Amino acid sequence: MNIPVTWLYVPGDRPERFDKAAASGADVVIIDLEDAVVPARKDEARANAAAYLARRTGSAEVHVRINDLASGRGRDDLAALGGLAGLDAVRLPKVESAGVLDGLPVKAYALLESAAGIVAAHTIAAHPGVVGVALGEQDLAAELSITDESAMNHLRLQVVLAAAAAGLPPVPMSVYPDVQDEAGLAASCRAGRAIGLFGRTAIHPRQIPVIRRAFSPTREETDRATEIVQAAEEAERAGAGAVALPDGRFVDAPIVARARRTLALAERLAPEDFS
């Protein structure tokens with residue numbers, strides 16, 4: 001299974017953008033019924049999402065970020081959309097406990113956007129209805145009055161650990177709000193990648209190729225992965241239990257598995273994809 005690298009938000013009250021989002025190259029399109037839609041248009045946005053899911057085409061997965069399940073509107077969103085075949089998953093905002101996830105009719109990504117959500121990250125990630133977790137960083141930073149990036153990294157690492165312990169896919173990064181600052185977006189992606197985050201949500205299609213490049217393995221990484229995989233294959237043919245690299249170092253099975261994932265990702269995100 002390919003882990004998504006790019007996730008593109010599209011407002012639920014802009015149905016004319018749904019097909020464009022699906023054709024943008026994003027791995028996942030997220031129709032947003034929450035923050036991107038003013039209250040007066042939320043019912044319209046839900047109807048737009050339902051109509052699109054009933055006829056959707058294309059290879060990109062389609063998720064819907066519904067409103068908070070603690071509200072009647074969020075429960076109405078789930079009731080209207082949860083049974084539609086075109087819906088791959090819902091994104092649940094402001095998840096603060098595993099209990100709210102019981103009985104969901106569809107796969108869910110839990111968004112951790114508060115101190116309570118971070119504290120409960122391990123139990124939320126371990127819930128059987130959850131297929132992924134992500135951070136809502138703007139709300140979280142506002143609640144905790146955080147302005148220091150190192151403090152945010154501490155919170156990010158807690159969620160990275162919770163996802164890994166639960167056997168979930170890596171945690172994608174939150175949106176980068178300045179769509180004009182491509183250099184800043186790339187630098188931010190590289191920093192997130194270094195602490196175990198993988199992939200990123202976008203708010204504009206122009207951010208997608210930048211994100212893909214930032215999470216693509218470097219030449220040095222692919223060369224190293226090739227060396228490890230070749231050594232592993234030679235060890236297998238020789239019936240050896242240990243994998244020795246040409247420089248004399250030994251690597252174990254998890255390192256070999258990671259090298260294989262690196263090569264698969266490099267092939268998937270080949271440079272021609274970015275043109």
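Trainee: What should I know before starting?

Mentor: This is a predicted model, where local features need pLDDT of at least 70 and side-chain atom pairs count only at pLDDT 80 or more, while totals for chains, interfaces and linings use all residues. Residues are numbered from 1 along each chain as its sequence is written, and side-chain values use heavy atoms, with hydrogens and water left out.

Trainee: Which residues touch the most other members of the largest nonpolar core?

Mentor: First the idea: a nonpolar core is a set of buried Ala, Val, Leu, Ile, Met, Phe, Trp, Tyr and Cys residues joined through side-chain atoms within 4.5 Å. Buried means under 20% relative accessible area, exposed means over 50%, and partly exposed is in between, using a 1.4 Å probe and protein chains only. Here the largest core has 66 residues, and Ile31, Val64, Val90, Leu92, Val133 and Phe215 touch the most other members. Helix α7 (residues 149–165) gives this core its largest share, six residues. Helices (H or I, at least four residues) and strands (E, at least two) are DSSP runs, numbered from the N terminus. There's also a second, separate core of eleven residues, with Ala231, Leu245, Val251 and Val256 among them.

Trainee: What is Leu92 in contact with, leaving aside neighbours within four places in sequence?

Mentor: Contact means heavy atoms within 4.5 Å. By that test, Leu92 meets Ile66, Leu69, Leu101, Leu104, Ala108, Tyr109, Ala110 and Leu111.

Trainee: Next, a single helix. How many residues does α10 have, and how far does it reach?

Mentor: The expected span of a helix is 1.5 Å times one less than its number of residues. Helix α10 (residues 219–238) has 20 residues and reaches 29 Å from its first C-alpha to its last, close to the 28 Å expected.

Trainee: Which residues of α10 are buried, and what covers them?

Mentor: The buried ones in α10 are Thr222, Ala225, Ile228, Val229, Ala231, Ala232 and Ala235. Their cover includes β8 (243–244), β9 (250–251) and α11 (253–268). Just after α10 comes Gly239, with a positive phi of about 75°.

Trainee: Which residues other than glycine have a positive phi here?

Mentor: Most residues other than glycine have a negative phi, and most peptide bonds are trans. Lys94 sits in the loop between β4 (89–92) and β5 (108–112), and is partly exposed at a relative accessible area of 34%. Ser145 also has a positive phi, near 55°. Ser145 lies in the loop between α6 and α7, and is exposed, with a relative accessible area of 63%.

Trainee: How do I describe the way α6 and α7 cross?

Mentor: Two packed helices are described by the angle between their axes and the distance between the axes. Axes are lines fitted to C-alpha atoms, for helices over the stretch in contact, and angles run from 0 to 180 degrees between N-to-C directions. The axes of helix α6 (residues 137–144) and α7 come within 12 Å and cross at roughly 120°. That makes α6 oblique to α7. Angles under 35 degrees count as roughly parallel, over 145 as roughly antiparallel, 65 to 115 as roughly perpendicular and the rest as oblique. From α6, Glu137, Leu140, Ala141 and Leu144 meet Met152, Leu155 and Arg156 in α7.

Trainee: At what angle do α2 and α3 pack?

Mentor: Helix α2 and helix α3 (residues 72–81) pack at about 20°, with their axes 10 Å apart. The two are therefore roughly parallel to each other. Lys42, Asp43, Arg46, Ala49, Ala50 and Leu53 in α2 meet Arg73, Asp76, Asp77, Ala80 and Leu81 in α3.

Trainee: Is Asn48 buried or exposed?

Mentor: Asn48, in helix α2 (residues 42–55), is buried, with a relative accessible area of 16%.

Trainee: What does Ile3 touch, beyond residues up to four places away in sequence?

Mentor: Ile3 touches Pro169, Pro170, Phe198 and Arg268. Ile3 and Pro169 are 166 residues apart in sequence and 7.0 Å apart in space, C-alpha to C-alpha. Ile3 lies in the segment before β1 (6–11) and counts as partly exposed, at 27% relative accessibility.
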